[in-house]
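Here is a short report on how two chains meet. Look at the model first, then read on.

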Protein chains: 2
Amino acid sequence: MFREARTFSHWQERPVSKALVDAAYELACLGPTSGNCQPMRLVLVHSPAAKGRLLPCVSSGNYEKVRTAPITAIVAYDREFHELLPRLYPHTDARSWFTTNPALVEETGLRNSSLQGAYFILALRAQGLDCGPMSGFDADKVDAAFFPDRRWHTNFLLNIGYGDRDRLHPRLPRLGFAEVARWE
Amino acid sequence: MFREARTFSHWQERPVSKALVDAAYELACLGPTSGNCQPMRLVLVHSPAAKGRLLPCVSSGNYEKVRTAPITAIVAYDREFHELLPRLYPHTDARSWFTTNPALVEETGLRNSSLQGAYFILALRAQGLDCGPMSGFDADKVDAAFFPDRRWHTNFLLNIGYGDRDRLHPRLPRLGFAEVARWE
């Protein structure tokens, strides 16, 4: 899930079972979110018609990756996630933290849908699938094409399939522990 | 890492090896970030003096959790992460995407340090450690206490140790796949 996995740009033609994606979500949803808020929402784009709506929204460098991936997930967050908090976090009135604070909604939605998106990436890998997350797209265009009421907002895109290892480049450098962390 | 793991609020007195935290980072840093930007920065608070600076910044509900955890990590992002992009993403001038766009710096920092924070949570669990992530704190106060130049900004706090399973509550409900996802 960490060492062998890579971000893929090229995909085998092998199809992806919907059941594996569902199983990955069932693992990923167990990961922690603040106040159990779970703001992540997903559109799993796989039909030619839906791909045709998504492709004009992505950068030129991501066009072929999205066109050829068996699935491109739109990883979004629900700007009304707090309406579910009476059910998800029932022991206090967590909903009221958000109803009059739209900036907190956006920050909490972005933070926690990113956490959940990372759990989902690792859970997809745990199902034997490969991923290719992307930020090179126009979020306003994706929102307009898939979320016309703007209740959901796109965080990042995630290609899903079986990657072509023969076309991987060497891994880019990582920052070492001593560069990013200190003990106090 | 997913099914058995839980968010812990109570901790065994068993100490935590620094080498395990380092090893968890070495796994977590392999996870993908946009443009390989790796904005996450960590302060691993364990000394009584540093805990004493952190405790006045956390909510009353998190006070005892932080006080008793062997380590509380401050998961932050570097607002100048883009200065490293010539080394981390050398094939294009990615640094220039950020130098005149502070809003993009904040959004990219929050998104990607959250992704990296999630990889770190799962990697700590892979080392046999338990976690307790928290958003109940005053980020301005933590920044003032630990990052007085405001170059790093606190995203969330993360208790690390060996959790006390006897004091866990039942897991809170999760949203089902059909509630959050659709195929298109």
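Two strands pair if DSSP finds at least two bridges between them. Strands (E, at least two residues) and helices (H or I, at least four) are DSSP runs, numbered from the N terminus. This is a predicted model, in which local features need pLDDT of at least 70, side-chain atom pairs count only at pLDDT 80 or more, and totals for chains, interfaces and linings use all residues. Residues are numbered from 1 along each chain as its sequence is written, chains are lettered from A in the order in which they are written, and side-chain values use heavy atoms, without hydrogens and water.

Strand pairing crosses between the chains. β1(A) and β5 (residues 181–183) of chain B run parallel, joined by three bridges. Leu44(A) has Trp183(B) in β5(B) as its bridge partner.

The table gives the extent of the contact (heavy atoms within 4.5 Å) and the buried area (accessible area, 1.4 Å probe, that two parts lose on being put together, summed over both).

| Item | Value |
|---|---|
| Contact residues, chain A | 66 residues |
| Contact residues, chain B | 66 residues |
| Area buried between chain A and chain B | about 6000 Å² |

Carbon and sulfur atoms give 65% of that buried area. In chain A, Phe2(A), Trp183(A) and Glu184(A) lose the most area to chain B, together 14% of what that side buries.

Charges also meet here. A salt bridge puts a side-chain nitrogen of Lys or Arg within 4 Å of a carboxyl oxygen of Asp or Glu. The rule finds four across the interface of chain A and chain B. In one, Arg87(A) joins Glu179(B), with the closest N and O atoms 2.9 Å apart.
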